[in-house]
Amino acid sequence: MSAAAQDELNVYQSAEARFEIAAQKLGLEEGLYRYLQHPSKEITVYIPVGMDNGHLEVFTGYRVLHSTIRGPGKGGIRFAPDVSIDEVRALAAWMTWKCAVVNIPFGGAKGGVICDPNKMSRGELERVTRRYTAELSEWFGPERDVPAPDIGTNDQIMAWVMDTYAMHVRQATTAVVTGKPLDLGGSRGRREATGRGLMICCDKALAKLRMKREGCRVIIQGFGNVGSQAADLMHKAGYKIIGVADIHGGLYNTNGFDIPKLIDWVYGQKKPLPEFPGGGEKMSAQEVLFHPCEILVPAATENQITTQNVHRVECRILCEGANGPTTSHADGVIEQKGVFIVPDILGNAGGVTVSYFEWVQDRQGFFWRESEVNERLQDVMEQSFDQVVQSAETHRVNNRIAAYIVAIDRVARALKLRGIYA
Ligand code: NAD
C-alpha cells in the first residue's frame, strides 16, 4: 500500500482533518486549537492472561482519555485484532465531539485490547476483561471515566468491568460502566439505542428532503448491535431493507429482506448471514455499499468509503452508524454528489445518549420506563439534528463539518469558563 493510501486509512488523521476545517470555520483561537487537538492522557497496559491450554499470553490494551472538560470521560472498550493506539486516540476524540453534539455532560475516552474475541473462551475473555479493568481501576470511575461496549464487547463484559471495579473500590458502583445487563443497573432501551438514534436521524433527513418512508430503500452494512437493531426498527417502521452485510459477506435483494427472520437466522440459529435462505444476490461485504438506494447505513467498521470507491456511492442519504466509515479524503466527492450526510458523531450518538440516561438512573437508583427512555432519546436526537442542519446553513458547510462546529464550540466555551489550571 502506498504511503498516501496508508495516510488516508489512518483514522486519527481523518479525525484531525475534520477538526481542523471546523476549527478554522469557527475561528477557534490557536491556543484552544492546540489544547483540543491533543488527548489529555493515554495509557498502555500489558495484560497477562492464563489461557485455557495452560500457556501464559500477554495482551496489549489501551485507554485514551481525550477530554474531561464537559464531564467524565465516556467511551467504549473495543476487543479486536486490529486495535491500535491511533485508532483508540481517534475514537476517544470522536467521543468528545459526539457527547458535545448531543449536549450530554461527558468528555471523551476510548479503550481497546488487541485480541480476537471470536477465538477466545468465555473464561479467557473474563480474565482479559478483569485484568484490564484492574490495571485501570484508578482511571475509571463514575466521575472520572465511564466505559461502555463497542466492537467485540457486550453487556456481559461490562458486568465483569463493573464487578472488578467494585471489588477494587470495595463498594457496588453500577455507574462506573454503561451498556450493562438490565439486572445489574442497565437501562431499558440501551440495546436498541444506537439503531433507534440512526432511524430518528433518517426520519429527520427524509422530512428535510421532503421524501417518504414508504418504499424508501435502505442498505445496511454491519449486522451487529448497531446494524441489526437499526435494520429491525427501520423494517418495522416501513423502510425497505434491500442490502445487508456482516463480516462474512453481503446480500442484496430489491424485494427487501424479512429482517426478523434474518435476525433469527444469524442470532437464533447462528448461521452465516450470506447463507440466509430468504434470497438475495451474494456479494462481498463492501460491494453491498455501492448499490442504488435512498439511504446507506455503514454500521460495521472504519474506512469503508474511501477515494478508491466513493465515486460508486449511489445513495441520497448517507447515515453513518459506524465510527469513521468514510475517510476524510472521500468527503469532497460525497459533497459533490449532493449526498445528504448524517455524520457518525450525530448518527450513532443515540448509544451514548442512552448510556448517559443509564448513568443518571444508576446514580439516582431510580429506573425509567422504556417509553420514557425512548421519548427522551427522540428529543435529544431531533434537537441535535436540527442544530447541526442549522449550523450547516449558517456556516455554509456540509453536515459533517457543521456537527464538528457545534461540538467544538460547546467544548471551547466550557474550557474558557473553566480556564487553564496552572
Ligand atoms: P458489533 O461487534 O456488535 O458488530 C459489528 C458488525 O460488523 C458485525 O455484524 C460484524 O460481522 C460486522 N463487520 C465487522 N467487520 C466488517 C467488515 N469489514 N465488513 C462488513 N461487516 C463487518 O459492533 P457494534 O457495536 O454494532 O458497532 C459497529 C460500529 O458502530 C462500530 O464502528 C462502533 O464503534 C460503532 N458504534 C457502536 C455503538 C454501540 O452502541 N454499540 C455506538 C456508537 C457507535
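1. Two helices, α7 (190-208) and α8 (225-236), each contribute at least two residues to the shell around the ligand, where helices (H or I, at least four residues) and strands (E, at least two) are DSSP runs numbered from the N terminus. The model is a predicted one, in which local features need pLDDT of at least 70 and side-chain atom pairs count only at pLDDT 80 or more, while totals for chains, interfaces and linings use all residues. Residues are numbered from 1 along each chain as its sequence is written, and side-chain values use heavy atoms, with hydrogens and water left out.

2. The ligand is surrounded by 23 residues, of which Asp150, Thr194, Val226, Ile247 and Asn323 are the closest; a residue counts as near if one of its heavy atoms lies within 4 Å. By class, this shell holds eight nonpolar, ten polar and five charged residues, with Ala, Val, Leu, Ile, Met, Phe, Trp, Tyr, Cys and Pro taken as nonpolar, Asp, Glu, Lys and Arg as charged, and the others, Gly among them, as polar.

3. Oxygen atoms of the ligand have a polar side-chain atom of Asn323 at 2.8 Å, a backbone N or O atom of Val226 at 2.9 Å, and a polar side-chain atom of Arg190 at 3.3 Å. On its own the ligand has 830 Å² of accessible area (Shrake-Rupley method, 1.4 Å probe), and the protein covers 83% of that area.

4. Searching the whole structure gives one cavity of 30 Å³ or more, a cavity being a set of points, on a 1 Å grid over the protein atoms alone, where a 1.4 Å probe fits but cannot get out. The largest cavity contains about 90 Å³ of space, a volume being the space filled by probe spheres set on points joined across faces, edges and corners.

5. Which element gives the largest share of the lining of the largest cavity? That share, four residues, comes from α2. The lining residues (an atom within 4 Å of a point) include Tyr12, Phe19, His66, Trp94, Trp97 and Tyr404, and the elements giving two or more of them are α2 (11-26), α3 (30-37) and α4 (85-101). By class, the lining of this cavity comprises eight nonpolar, two polar and one charged residue.

6. The second largest pocket (an open set with protein on both sides within 12 Å along at least five of seven lines) has a volume of about 240 Å³. Its lining has 13 residues, with Tyr35, Thr68, Ile69, Leu415 and Arg418 the closest to its centre. At least two lining residues of this pocket come from each of α3, β2 (56-67) and α14 (399-418), and the lining divides into six nonpolar, six polar and one charged.

7. Overall, the protein has 14 helices and twelve strands. Its radius of gyration, taken over C-alpha atoms, is 20 Å, close to the 22 Å given for 422 residues by the globule rule (2.2 Å times the number of residues to the power 0.38), so the protein is as compact as a globular protein of that length.

Key: Polar contact = N/O pair within 3.5 Å; in protein donor to acceptor, adjacent residues only side chain to side chain.
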